[in-house]
Amino acid sequence: MKKFKALLSIIIVVTIAFLSILNTFALTNINNEFAISVDCEEEYAYSSLRFNIYKMIETSNTDFGIQYEHIYDKTVSVDNDGVYKFSSNSSCVYIEVVKDSIQQGYCVNKPSKVLNENNTVANFLISKENLTLMNSLSNEINLSTNNNTNMVSDCPECGSCSQQVNNYDIQLANLNRAASTNPNYVPNYINDGEYTNGFFTIHYESDLYSDSIINAIYYQLSFSKASLCSTYMFETPILKEGDSTYHVYLNPNLGYAGVTPRYYNDSNNASYIVLDIPTTSTTLSTTYKSIITHEFMHAVQYEYYDTYDPILYVYNEATARLAQLIIEPANYIADSVNLFLETPEYFLFDNSNNRGSGGVLFPLYIKENYGGFTTIKNIYESYHECLNLFTAMDSVLSSYGASFDDAYLEFREACYDIRNNYNQYQSNWSNSPAKTILTEDYVLYTMPKLSARYFEAVASESGDYYTFTFSTANNTSTSILDLKSIQTNSNGVSQTQPLTFTGGYKMVTYFLNPGSKVCLMLNNTSTSMTAYVDANLII
């Protein structure tokens, strides 16, 4: 009896295993019927068309939704009626038109489709309309162009100013011109009042400013010097040759809050500060206190370099904004932060339209995650040795087991959800960068060095398939591209996953659960090269 029971148990186990194998075999061999259909009156226009078919394989199924990878199946052509029918053991397939098979003078609307059990026919329309690839930065590039080289014709520093004009850095060219000729910043009439105390001498027009406001300005200058040069150990600004104090000028007609140029033809290459403090002021507001700290930070920065560096120039503006946070709440920099977030597709250190100060988010991220304000000081010290900002950051961040590339990519990801990733976040900041709207037509995106694009899809009420495709163009190497998916579920919890290009191409599909979303973040990590990427989104 015992032998019989044992034998019966073995038979039952084997039978269950066999049925399981049979069931698996049956499931994997279910054939789903699909079709490709081309709508065009001229057979010539579609006779040479080829279509790539990809099986969609589920790679993960989580609270964030289902993610699919794509496996190439075959390339096919339609018959004389413009139709191709096929079967697949994949429940979802992706169809794309092979771009170089489109006849010259014709275009295909929506050149890729996702098919599933609810949508089994891929319909393609061929027309003679011109297909224009959009350059996503064309308008901004035109706005940046400036041919006004005559504006520095009478400047003693015309060589360097012309270089600055060629770099579209008109503001800096104007500053150097004014500093060299010296009539606009420091008119002679403001020298009739003078207050010296400790490190500073303040020059002003005595009929316009009260003693109380002069004292307030002095105390703020001293506080800024103590904070930056004593607490954080930055270099103290060097003094003009033959002088025993650092000079600050009050010019109520300056036209903007402040500026810190160098003296022209000073052997020490020293700087001075000019402030436009309202003559009606009786006390110094928080805003003007922060402006004084901002300008003194510029004076400190001069101690680490002598020659113009366009990247450092923008970084200097960002760290001067960062220094303002010593004085004022972070809500004061909302205008700069939001301007920066509106255009993540620009170079990280781009200064067009005064975006440079918005770059404060990057050194702020470094400060919050890599050792505080002291790390900012260490980067300047390293720059003084190597004269390259990226090398300097690599050197300093290496002590934290990181590099510039690491910090840059972490920063771009943190920007996607600033509300939760920045301790300094304020309610008047944007909580995420602007998104690039993908269409079903391929668009050629120009990505300057160290730029980012955020391609986002938000789930419908019933959920849906979203297929992203990216392919490099114009000989762009995938080695300079970094692609990640950031999936967020209905509870606001996110997870990040790196995605790898294969042969200059990446395609990934998501079925998003209601209330969830996915963002594909694409970065050009190069510090010197522009990238070009075709992209589209199929829903």
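A search of the whole structure, a predicted model, finds 41 aromatic pairs. The protein has 14 helices and 21 strands. Of its 539 residues, 50% are buried.

**Aromatic pair Tyr249 and Tyr272**

- Tyr249 and Tyr272 form an edge-to-face pair. Their ring centres lie 5.7 Å apart, and the planes stand at 85° to each other.
- Tyr249 belongs to strand β11, residues 246-250. Tyr272 sits in the loop between β12 (258-259) and β13 (273-275).
- The two residues are 23 apart in sequence, so the pair ties together separate parts of the chain.
- Both Tyr249 and Tyr272 are buried.

**Aromatic pair Tyr315 and Phe349**

- Tyr315 and Phe349 also pair edge-to-face. Here the centres are 6.3 Å apart and the angle between the planes is 70°.
- This pair links distant parts of the chain, 34 residues apart. Tyr315 is in helix α8, residues 310-324. Phe349 is in the loop between α9 (334-342) and α10 (361-369).
- Tyr315 has a relative accessible area of 0%, so it counts as buried.
- Phe349 has a relative accessible area of 6%, under the 20% cut-off, so it is buried as well.

**Lysines over rings**

- Lys225 lies over the face of Phe199, at 5.0 Å from the ring centre.
- Lys449 lies over the face of Phe347, at 4.8 Å from the ring centre.

**Helices α7 and α8**

- Helix α8, which holds Tyr315, also meets helix α7, residues 286-301.
- The axes of α7 and α8 come within 8 Å and cross at roughly 135°. That angle makes α7 oblique to α8.
- The crossing of α7 past α8 is right-handed.
- On the α7 side, the residues in contact are Ser290, Ile291, Thr293, His294, Met297, His298 and Gln301.
- On the α8 side, they are Asn316, Glu317, Thr319, Ala320, Arg321, Ala323 and Gln324.

**Contacts across the chain**

- Take the contacts in the protein between residues at least 6 apart in sequence. Among these, 69% join residues at least 24 apart.
- The pair of Tyr315 and Phe349 spans 34 residues, while the pair of Tyr249 and Tyr272 spans 23.

Methods. Residues numbered from 1 in each chain as written. Predicted model: local features only at pLDDT ≥ 70, side-chain atom pairs only at ≥ 80, totals over all residues. Heavy atoms only, no water. Phe/Tyr/Trp six-rings, centres within 6.5 Å; stacked < 30°, edge-to-face > 60°. Helix = DSSP H or I, 4+ residues; strand = E, 2+ residues; numbered from the N terminus. Buried < 20%, exposed > 50% of the residue type's maximum accessible area, 1.4 Å probe, protein only. Lys NZ or Arg CZ within 6 Å of the ring centre and 35° of its normal. Axes fitted to C-alpha atoms, helices over the stretch in contact; angles between N-to-C directions. Parallel < 35°, antiparallel > 145°, perpendicular 65-115°, else oblique. Left-handed = near helix turned anticlockwise from the far one by under 90°. Contact = heavy atoms within 4.5 Å.
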